[in-house]
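Me: I'm new to this one and would like to learn how to read it. Could you take me through a few features?

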Amino acid sequence: MDHSKQTQYSQNEKKDAGASSSVLNGHFDGMAKRPAGGTGRAATAAAAQPPGAESSSHRPAASVMESWREERTRSVEDNEMSLPSLAAAYTTILRGLGEDPQRQGLLKTPWRAATAMQFFTKGYQEKIIDVLNDAIFDEDHDEMVIVKDIDMFSMCEHHLVPIFGRNYHRSYLFWCLETACFMFVRLSTVQERLTKQIAVAITEALQPTGVGVVIEATHMCMVMRGVQKMNSKTVTSTMLGVFREDPKTRDEFLTLIRS
Amino acid sequence: MLLPEGLTSSFKNRGLDQRARMEYHHVSAKNGVADENQNAEKLSHIEKAYTTILSELGEDVKREGLLRTPLRAAKAMQFLTKGYKETIQDILNDAIFDENHEEMVIVKDIDLFSLCEHHLVPFFGKAHIAYLPNKKVVGLSKLARIVEIYSRRLQVQERLTKQIASAIAEALEPAGVAVVIEAVHMCMVMRGVQKMNASTVTSVMLGSFNDNAETRKEFLALTMQK
């Protein structure tokens, strides 16, 4: 499956004819559109697979919500236990590529690569609740809050090659932490899904009037291999609540992040 | 490997020692024409290894997005290390010309992508190459191809720079070779110290570039201008 894409952000606004997508207490009514690369099941990629996940492809709203309450799929102890088999796998890879795993520069590489990979996917060890819980405050503020130019690094789930870029997100009404996006970005993921997961998590945690998330990233799988286009970037966005409904609000957001 | 006379002393001075020369040859001679069956077998080994990795990381390897990922990742890895199968002789043989030119030739801002051999994580940046021809010039894109051959391997930036310089020196026997690589290492950016803006610069100066400060200055002025 090919990643697109130079997805113009306006394309994400698919014409859900008459669908109202107001956010009510974290429940979404009009969230019928799915990102190209994901399915209902995929939205729970961050979660342990609950048994009902198979049927949730028809109920994207429900499964997307579950990510808020997910269990960790991995713990610190799991990390230590899986290190030897990860290292063995990397040794096989080195041999398969024609290298000599015994030469000095490569001697401890399987272990280093395994630890690095665990770090790149450490989002599996974390939950939104842990990251956000203590830092939500009541504040009588109803103007736009923007946090922009958040550097993010992720792994492409199709080629296991890094993605990196910038992330802009914002919410109404409450101050939100950017650590939320740090958790999600550590998962190996598809950029469309990542954008949505961040937006949904913020919505569920803060119940704001609206959330907008824009990610602009460079995919090394396109730059280093395949089509090998150096300067191409992929832009994906998710607009929820008042950002989706009110063009003026959306415009303000997009102008402010471009400046 | 015998080096051209004029360059021997500066090679020694710059520490292009036996080991670096051996590595330069050792790896390129390692893989001759690969056998088709062997290739397929190796690919499946790598694929199985990636499946193990994904499941050990806590992912569900049966989900739709990950179903063919081990195969794609294995092929991607093979592409990123295809330099092992290529030799300088293959690409350079036809493109060396006799030309009465002895001024500096620079090819700069060559995009470069490689894999750090310590973490198997990419590093990328730009290479700048210069040489002073000694009656022999090379097709310009061949300099970029030399960079490709050595960078598409598991590398250490220092060794990469040296290998590029010594390959050009051997093939062309010029009066001097200079290679500068400026790269960003994802292993430092995405993990570990996590410094976004740090970059690593390595250089190798051979022949006149090493002996003659003015020549070196000219090269640096022409390439490092932003």
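Me: How far apart do the C-alpha centres of domain 1 and domain 2 of chain B lie?

Reply: This is a predicted model, so read every value here as computed from a prediction. Chain B splits into domain 1, residues 16-84, and domain 2, residues 94-224. Their C-alpha centres are 25 Å apart.

Me: Now helices. At what angle do helix 3 and helix 4 of chain B pack?

Reply: For a helix pair, look at the angle between the axes and at the distance separating them. Helix 3 of chain B covers residues 36-56 and helix 4 of chain B covers residues 69-80; they pack at about 120°, with the axes 8 Å apart. That angle makes helix 3 of chain B oblique to helix 4 of chain B, because the range for roughly perpendicular ends at 115 and roughly antiparallel needs over 145 degrees. As for handedness, these two helices of chain B cross in a right-handed way.

Me: Which residues of helix 3 and helix 4 of chain B make the contact?

Reply: From helix 3 of chain B, the contact uses N39(B), L43(B), I46(B), E47(B), Y50(B), T51(B) and L54(B). Helix 4 of chain B brings T69(B), P70(B), L71(B), A73(B), A74(B), K75(B), M77(B) and Q78(B). Sorted by class, this contact holds nine nonpolar, four polar and two charged residues.

Me: What about helix 2 of chain A: how is it placed against helix 3 of chain B?

Reply: Read this pair with the angle and the axis distance again. Helix 2 of chain A, residues 76-96, packs with helix 3 of chain B at about 160°, and their axes are 8 Å apart. So helix 2 of chain A is roughly antiparallel to helix 3 of chain B, the cut-off being over 145 degrees. The crossing of helix 2 of chain A with helix 3 of chain B is left-handed.

Me: Which residues make that contact between helix 2 of chain A and helix 3 of chain B?

Reply: On the chain A side you'll find S82(A), S85(A), L86(A), A89(A), Y90(A), T92(A), I93(A) and G96(A). Facing them from helix 3 of chain B are K42(B), H45(B), I46(B), A49(B), Y50(B), T52(B), I53(B) and E56(B). The class count for this contact is eight nonpolar, six polar and two charged residues.

Me: How many helices and strands does chain A have, and what share of chain A is buried?

Reply: Start with the element count: chain A has nine helices and seven strands. Of its 259 residues, 58% are buried. In chain A, among contacts between residues at least 6 apart in sequence, 70% join residues at least 24 apart.

Me: Which strand holds K148(A)?

Reply: K148(A) sits in strand 3 of chain A, residues 144-156. At 30% relative accessibility, K148(A) counts as partly exposed.

Key. Residues numbered from 1 in each chain as written. Chains lettered and ligands numbered in written order. Predicted model: local features only at pLDDT ≥ 70, side-chain atom pairs only at ≥ 80, totals over all residues. Heavy atoms only, no water. Domains from an automatic or database assignment. Axes fitted to C-alpha atoms, helices over the stretch in contact; angles between N-to-C directions. Helix = DSSP H or I, 4+ residues; strand = E, 2+ residues; numbered from the N terminus. Parallel < 35°, antiparallel > 145°, perpendicular 65-115°, else oblique. Left-handed = near helix turned anticlockwise from the far one by under 90°. Contact = heavy atoms within 4.5 Å. Nonpolar A, V, L, I, M, F, W, Y, C, P; charged D, E, K, R; others polar. Buried < 20%, exposed > 50% of the residue type's maximum accessible area, 1.4 Å probe, protein only.
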